[in-house]
Amino acid sequence: MAESSSPPPRENRSTTPISEAFRDYIQTGWAEHSAEPASPLPHVPFVQARREAVSNAFPGTTLIIPAGSTKVRSNDTDYPYRPDTAFTYLTGWGSGATPGSILLGTPQGKKHQWTLFVLPPAPRTSDEFYANPAIGEFWTGRRPGLVDVGVWLGLETKDLASWSLDDLDLTSSAVVAAAEETLTREIRERRHTKDTSPDDRLAEVISEMRLVKDDYEVAELTEAIASTHRGFQDIIRALPEAVGDSRGERIVEGAFHARARREGNDVGYGTIAASGSHACILHWVTNDGPVSPGDLLLVDAGVERDSLYTADITRTLPVSGSFTDVQRRVYDAVVEAADAAFAVVKPGAIFRDIHQAAMAVIASKTSEWGFLPVPLEEALAPEGQHHRRYMIHGTSHHLGLDVHDCAEARREMYLEGELRPGMVFTIEPGLYFQPDDETVPPEWRGIGIRLEDNILVTETGGVNLSAAIPRTADDIEAWLRS
């Protein structure tokens with residue numbers, strides 16, 4: 001990585017003096033920038049409908065939706081930029097969004113005038129162009145112009161330099177607070193109240209809108225799942241290299257990551273590549289262990305599209321190509337739990353009942369195997385739940401721009417809510433027998449299995465969007481042989 005020669009200088013680092021001759025020379029001799037004429041993005045009508053729905057929910061309220069800034073990883077290096085989810089949802093601008101942008105909704109009667117404030121390209125005659133490593137285009141690449149952004153997104157655009165809170169009526173206002181801490185703090189100070197309920201309500205409304213996906217969102221999720229399928233195929237091709245390597249899990253992770261970067265923006269979350277007893281650690285993302293013959297390899301991964309919609313798929317693969325008898329018994333039980341959960345999916349069903357259906361199978365199987373200290377009926381009672389020792393997580397979560405989508409929605413709209421056409425969520429039961437768990441026989445210890453699919457609710461029931469990815473034990477073995 002090139003080292004910055006620009007301010008702010010550090011006394012303990014060498015810097016290149018900027019002479020007047022250098023400045024005069026670097027600011028001249030540049031060709032005119034040419035690009036293809038911009039055209040509206042195909043999903044603009046869907047995004048406009050979202051803004052209209054937010055507008056209807058907040059008549060007379062100034063709405064401020066920041067994209068957020070880059071975040072420091074260490075010293076003067078940043079994490080890869082990802083705009084705030086609410087900003088992307090209401091602008092349609094994904095991985096290419098310019099850091100620091102702000103979407104403003106100004107009340108006009110019962111509606112809002114929407115304006116996007118964006119940092120435009122720096123003139124070649126400015127020091128910023130070459131001397132600012134945070135945003136200078138010599139360092140981070142050319143930014144799109146205001147006209148192009150406006151055409152792409154169907155929004156009025158203004159130079160971010162013209163943004164000022166002094167121009168806004170903040171008496172009745174709401175901001176997406178999580179996106180930009182400094183801006184949020186200033187807005188709240190200017191409102192002269194400690195009441196954060198307008199901001200909380202804005203986050204809640206946007207989250208609840210996102211519970212039901214439009215056609216564009218479903219199409220993006222479908223493509224993310226297809227890329228994820230190819231990523232799993234890459235993992236299978238990489239298995240011979242991973243087996244026997246002291247960090248074989250990293251080889252698995254890297255194979256998937258290459259696919260995510262090739263076909264999408266990135267992975268949608270930290271890939272879990274868990275071999276052997278690591279599969280019993282639900283969020284194992286260290287991925288620094290070996291992949292050994294005879295082990296199971298649990299991979300939980302998803303490709304995030306440039307639109308920022310992500311898949312979330314889990315498959316558990318027998319490293320040697322075939323399940324042992326015990327591994328297959330556990331795997332088949334997990335498939336049965338997943339199928340029972342899927343059978344619940346239809347419009348009008350209650351979201352929490354998906355989990356209950358899966359857990360009934362988990363309870364039945366662990367009771368049948370003699371692992372529970374009480375009869376099945378007692379374990380299933382609210383005051384029992386002994387079977388949860390072997391599956392402590394939930395069965396489903398909504399999926400979309402965030403892998404755990406719609407997190408600010410109210411309980412009565414999420415966990416207790418009715419399923420509606422357009423909802424997309426996971427079904428992901430599992431069984432985990434910790435390596436030191438003396439409630440199970442030794443040959444069961446260290447087995448961790450999870451099966452996760454992405455489900456769409458339709459008018460007539462549920463559709464498994466990831467059904468093309470092998471999921472039964474027989475199909476998994478055939479996949480590995482192929």
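What follows is a walk through one predicted protein model, from its confidence scores to its core, strands and a few residues.

Some ground rules come before the tour. Because this is a predicted model, local features need a pLDDT of at least 70 and side-chain atom pairs count only at pLDDT 80 or more, while totals for chains, interfaces and linings use all residues. Residues are numbered from 1 along each chain as its sequence is written, and side-chain values use heavy atoms, with hydrogens and water left out.

So how does the confidence look? The protein chain averages a pLDDT (the predictor's confidence in each residue, from 0 to 100) of 95, and 96% of the residues score at least 70. Residues 1–7 stay under 50, and the model has 14 contacts (heavy atoms within 4.5 Å) beyond four places in sequence for them. Where pLDDT is low, the predicted coordinates should not be read in detail.

Now for the inside. The largest nonpolar core has 119 residues, and Phe425 and Phe433 touch the most other members. A nonpolar core here is a set of buried Ala, Val, Leu, Ile, Met, Phe, Trp, Tyr and Cys residues joined through side-chain atoms within 4.5 Å; buried means under 20% relative accessible area, exposed over 50%, and partly exposed in between, using a 1.4 Å probe and protein chains only. Helix α9 (residues 215–242) gives the most to this core, with eleven residues. Helices (H or I, at least four residues) and strands (E, at least two) are DSSP runs, numbered from the N terminus. Apart from this core lies another, of eleven residues, including Leu168, Val175, Leu183 and Ile187.

Zoom in on phenylalanine 433: leaving aside neighbours within four places in sequence, its contacts include Cys280, Trp369, Tyr390, Trp444 and Ile447. Cysteine 280 counts as buried because its relative accessibility is 4%. As for disulfides (pairs of cysteine sulfur atoms within 2.5 Å), the count comes to zero.

Next, the strands, where two pair if DSSP finds at least two bridges between them. Strand β14 (residues 430–433) pairs with β15 (residues 447–450) in the antiparallel sense over four bridges, and glycine 430 has arginine 450 as its bridge partner in β15. From β15, Ile447 and Ile449 point one way and Gly448 and Arg450 the other way, and all are buried.

β4 and β5 form a hairpin with two residues between them, and glycine 109 in the turn has a positive phi of about 65°.

Arginine 315 is worth a stop. This residue sits in strand β12 (residues 313–318) and counts as buried because its relative accessibility is 0%. Its side chain makes a polar contact with the side chain of aspartate 453 (2.7 Å) and reaches the backbone oxygen of glutamate 452 at 2.9 Å. A polar contact is a pair of N or O atoms within 3.5 Å; within protein, one must be able to donate a hydrogen and the other to accept it, and residues adjacent in sequence count only if both atoms are side-chain atoms.

Last, some backbone angles. Glutamine 385 is in the loop between α13 (376–380) and β13 (424–427), and its phi is near 65°, a positive value in a residue other than glycine. At 28% relative accessibility, glutamine 385 is partly exposed. Cysteine 406 lies in the loop between α13 and β13 and has a positive phi of about 60° although it is not a glycine. At 0% relative accessibility, cysteine 406 counts as buried.
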